[in-house]
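Visitor: I have a structure open and would like to go through some of its features. Could you take my questions one at a time?

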Amino acid sequence: MLRYALPCWVAGVVLSFALPSVPHWAGWAAAFLCAAAAAWKFRPAAGLLFLLAGAAYGVWRTEAALQRQWPLDGGGTAQLVVEVADMPRRDGRRVQFTGNAQDGRGGRFTLLLSDYRLRDWPVGSRWRVSARVRPVVGEVNLRGLNREAWALSNGIGGIGSVGRERVRLEAGGGGIAVWRDAVSRRWQGVQTGGHDFSDGLGLMRALSIGEQSALRPELWQAFRPLGLTHLVSISGLHVTMVAVLFGWLVKLVLQRLPLVPSKPRLWVLAGGLAGALLYAVLAGFSVPTQRSVLMLAVFAWAWWRGSGASGWDGWWQALATVLLFDPSAVLGVGTWLSFGLVAALVWVSAGRLNARGRMAAVRGQWAASLLSVVLLGYLFASLPLASPLVNALAIPWFSWVLTPLALLGSVLPFAPLQWTAAALAEYTLRLLVFLAGHAPEAAVAAAPLPLAVLAAVAALLALLPRGTGLRPFAWLVLAGFTFYRPAAVAEGRLKTVVMDAGQGLSVLVRTKEHDLLFDTGTAQAAAAGIVPSLNALGVRRLDRLILSHHDNDHDGGFQAVADGRTVARITAGQPEFYPQAEPCRETQWQWDGVRFELLRPSENAQGLEDNDRSCVLRVVAGGDALLVTGDLGRRGEAELVGKYGGALYSQVLVLGHHGSDTASSGLFLHAVSPQYAVASSGYANAYKHPAAAVQARG
């Protein structure tokens, strides 16, 4: 039974995050007593005890972590004493940094703060500031970045922006963060002989000290279709490769010593772990790198014990240890990618421990690629088709050439070495950008969880030896997962999805055979949530894309949406800003028994502000209507009422201008008479949308 204790305990920790609510302590006690009684009579039922123990532990630790987060009702301006905990990151419009903050009531929080005045924030310095802080609330899109889960798994208790006033209490101190900042500045000061190696220098900073903001957003976008993001982030792969490199160096030293220690394997393992720990500290010892070092330590311990422990024993021990130290790792996508790919390697190597050289590497790459189909398809709703081939070449290049050069150039600031490293990195990035422009991506619809689990099992079955006879079934299940499509909308019916675009707008309207998208949100919202959600919903083609007007929170994601799918027709309130776009004119059409109407307050756009040039869409299906007005203000609303009157009646209204009091006038709301109103506004936004006056009019 002890062999199944760890899997059951791990399953309990994972399932603790699926509980709809936290049970009362009496419920826990009753469940433990029942499980103990069952185990007394039937020993295999002891697994239920371990499962309950894991669930209770996960709930306890998660509740403790939630207590360290900014309170949900605490949005607004607060007076804080903040110590800059890590290197600030600049993106052209703000400086962002992690700070250890204390509020006036003595509460302590780890906050992600932004300064839009682009001031300097030296590492280790302490300040008294006023900041607008809010808790991290996750998006509700079908796929994409879940900010709340990301914050919890990375120890971030809240996000905010620093105000104008700040008073310095202490100058920057010492420690590893200050040293990392010095390393970053040395890389930035490298002379490249008149060559533009700025991106290469940024890659050196990213690979050595984990300074991901050193790379331009365009480069991160290029990594996605190639499946190379994990090579640029300090991930378990890098930490493992550095550990292997240090272990190999220790082995070389031992081979040349006149007196070899009695336990050379122990020295090799200790050297590898020391190298991994040193690299993790140099990279800022972030939560993901901590998990990587922990995982390596457990695997090293399993290897040290020798052949008595199987690869699976080490895998379960490593996963259990990671969750013991930090149960919120369950929420981290990187956790499942790392452990999932390691599981594939352990699975494919079972019974083949004597495999050597090229065939073992090919088999491992094939196993990782096959399981990635399920992991990436389910988590990100997208498959970078060129990833296996590109990774096969890029992994050794990044791991054995670029990363060691980045580390050497950081520890030994020798100008020719740094110049050479920057040049190699620069030309590598240029090649990757070129390849990304031609690399295909396959969108994967969001399959039900049972089908995803079945697909993971099928991937493992497909990796079994040929004699099992299960491969045809496995390939059939994998094909069903990859080409799964959600059920179509019925004829004459309408499905509307208001995307969570934060302080932005994006509305998907679906009929039986047609899809229309009204606005795209910001570029960040499109990349993080809207595009993955479109993929997950099975939207491969947009029959019409309406861009209400030229404002970043409405059309900033246009390029990201257009790059990922075919757009048959573009209609815009300000068509001059988009290629092949037609203006919003008063018109009607029907798709699959559903009537669509584009309404215009006035065909004369001269002298109108951008907001009042917004397209207005009304959709009628089965006697029910939806009305979307973009950022149309009160003037435009009054003209709509004067022109259409009671014909504006709609049961569902997406509030104009995110619920601002500059829109949704009483006259307009009376004409529309909505039963439901949706405000597409960011949680605890600085504009206080939806406005209290608008809510009162409802």
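What follows is a set of questions and answers on this predicted model.

Visitor: How many disulfides does the structure hold, and which residues form the bond?

Guide: Two cysteine sulfur atoms count as a disulfide when they are within 2.5 Å. The sulfur atoms of Cys584 and Cys615 are 1.7 Å apart. The structure holds one disulfide, formed by Cys584 and Cys615.

Visitor: Which parts of the chain does the pair link, and how many residues apart are they?

Guide: The pair links distant parts of the chain. Cys584 lies in the loop between strand E16 (581–583) and strand E17 (587–591), while Cys615 lies in the loop between strand E18 (594–599) and strand E19 (616–621). The two cysteines are 31 residues apart.

Visitor: Is the disulfide of Cys584 and Cys615 right-handed or left-handed?

Guide: The handedness follows from the torsion about the S-S bond, which is about 90° for Cys584 and Cys615. The disulfide is therefore right-handed.

Visitor: Is Cys615 buried or exposed?

Guide: Buried means under 20% relative accessible area. Cys584, its disulfide partner, has 5% relative accessibility and counts as buried. For Cys615 the relative accessible area is 0%, so Cys615 is buried.

Visitor: How are helices H6 and H16 oriented to each other?

Guide: The axes of H6 (residues 198–209) and H16 (residues 415–436) come within 7 Å and cross at roughly 105°. Angles of 65 to 115 degrees count as roughly perpendicular. The two helices are therefore roughly perpendicular to each other.

Visitor: How do the residues of the contact of H6 with H16 divide?

Guide: On the H6 side, the residues include Leu201, Leu203 and Met204. They meet residues of H16, among them Ala421, Ala425 and Leu429. The contact divides into seven nonpolar, two polar and two charged residues.

Visitor: Which residues does Phe398 contact, leaving aside its neighbours within four places in sequence?

Guide: Beyond its sequence neighbours, Phe398 is in contact with Leu203, Leu207, Leu231, Val232, Thr403, Pro404, Thr428 and Leu432.

Visitor: Is Ala381 buried or exposed?

Guide: Ala381 is found in the loop between helix H14 (357–380) and strand E7 (382–384). Its phi is near 60°, a positive value in a residue other than glycine. At 0% relative accessibility, Ala381 counts as buried.

Visitor: Which residue does a cis peptide bond join to Pro690?

Guide: Pro690 is found in the loop between strand E22 (676–678) and helix H24 (692–697). Omega is about -5° for the cis peptide bond. The residue joined to Pro690 is His689.

Notes:
Residues numbered from 1 in each chain as written. Predicted model: local features only at pLDDT ≥ 70, side-chain atom pairs only at ≥ 80, totals over all residues. Heavy atoms only, no water. Helix = DSSP H or I, 4+ residues; strand = E, 2+ residues; numbered from the N terminus. Buried < 20%, exposed > 50% of the residue type's maximum accessible area, 1.4 Å probe, protein only. Axes fitted to C-alpha atoms, helices over the stretch in contact; angles between N-to-C directions. Parallel < 35°, antiparallel > 145°, perpendicular 65-115°, else oblique. Contact = heavy atoms within 4.5 Å. Nonpolar A, V, L, I, M, F, W, Y, C, P; charged D, E, K, R; others polar.
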